[in-house]
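Please open the model in a viewer and keep the selection panel at hand.

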Amino acid sequence: MFRYLIRRLLWAGVLFIAVTVVTYVIFFIIPADPARLAAGQRATPDEIVRARHFLGLDKPVPVQYALFLKRLVIDHSLGHSFTNRQDVNKVVLTAAPVTASLVFGGVILWMMLALPIGVLSALRPRSLLDRGGMMFVLIGISAPVFWVGLILQYAIGFRLGWTPNSGYCDLLNTQGGCGGPADWAYHLILPWMTFALLFAAIYARMIRANTMDTMNEDYVRTARAKGAPESQVLRSHVLRNALLPVVTMLGMDIGIALGGAIFTETVFNLPGLGKLAVQSISTFDLPMIEGVVVFTTLCIIVFNLIVDLLYAWIDPRIRLA
């Protein structure tokens, strides 16, 4: 197990280096000059040169990347923004709880939707319930996230007035008249629904397929032949085994969902990592872009590592692969 952990950690390090290097390369390929943007539209050529030197953009790209790694590993710092000189660590850690609230709330909602739809559809295949569930899956997979968000904003937020159309309230901070668990959840209802629809559709289809396959296994037939109640067979034999691959996928998708929250945050004006990434890209703010990339990459690596270790613990054969 220890050797397996070491291998996974090494691969995690390689993945982290690869993602950050690609981000640096793309940034310098784009035909734009961050120093000119930082100096202002009326800056003289000499002022642009001084701005480029101040930001460290006059150094070779490998040197800039080495300095970035040095700050990250030794100083535990992501540097300062090119545009407003804010501490990137502070900005990213301020935006991260917003994205985490969106993602983990969305996870709970999509599992609450996907589990009953998938199981009930598997128990009654080709029924009206099954066809309705599969129609929900088709809509969820096909509809763009931003389109779903705009439809929900108009129908529920604007026409019915049941929820806010945008904005965010802090879970703990109640200053300013907006905060606390009630306001926090009230402002996130529509983003959760938007964010959960796609994943709920995917997981409903996966749960349905896994449940139907498990119900045909020999140990399920044996349990029924022994006279076990159908509810016990479903709970102890079918669901326990059918949901194991779902749990595995859930651990990996949580990390991926952190990077996919950008569209939902943009539609609902949530001050999370997605909105921060969009703003940073529009101003070519490399330190802020790298801050978002580093944080999301680390989250994905950690979640995948946890899933790998749990799977290796459940099935020792994985360790030999």
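A contact here means heavy atoms within 4.5 Å. On that basis, residues 24 or more positions apart account for 69% of the contacts in the chain with a separation of 6 or more. The model is a predicted one.

Begin with the entire chain in cartoon view. It contains 14 helices and zero strands, and the C-alpha atoms fill a box of roughly 85 × 60 × 35 Å along the principal axes. Colouring by accessibility would show that, of the 321 residues, 41% count as buried.

Next, select residues 2-74 and then 88-314: the domain assignment gives these as domain 1 and domain 2, respectively. Between the two, 19 residues from domain 1 and 15 residues from domain 2 take part in the contact. The C-alpha centres of domain 1 and domain 2 are 32 Å apart.

Now display the surface between the domains. How much area is buried between domain 1 and domain 2? The value is about 1500 Å², and carbon and sulfur atoms give 84% of it.

Finally, select α1 (2-29), α2 (34-39) and α4 (61-73), the elements that give two or more residues to the side of domain 1 that touches domain 2. Of these, α1 gives the most, with 13 residues. Coloured by class, this side of domain 1 has 16 nonpolar, two polar and one charged residues.

How values were computed:
Residues numbered from 1 in each chain as written. Predicted model: local features only at pLDDT ≥ 70, side-chain atom pairs only at ≥ 80, totals over all residues. Heavy atoms only, no water. Domains from an automatic or database assignment. Buried area = accessible area lost by both parts, 1.4 Å probe. Helix = DSSP H or I, 4+ residues; strand = E, 2+ residues; numbered from the N terminus. Nonpolar A, V, L, I, M, F, W, Y, C, P; charged D, E, K, R; others polar. Buried < 20%, exposed > 50% of the residue type's maximum accessible area, 1.4 Å probe, protein only.
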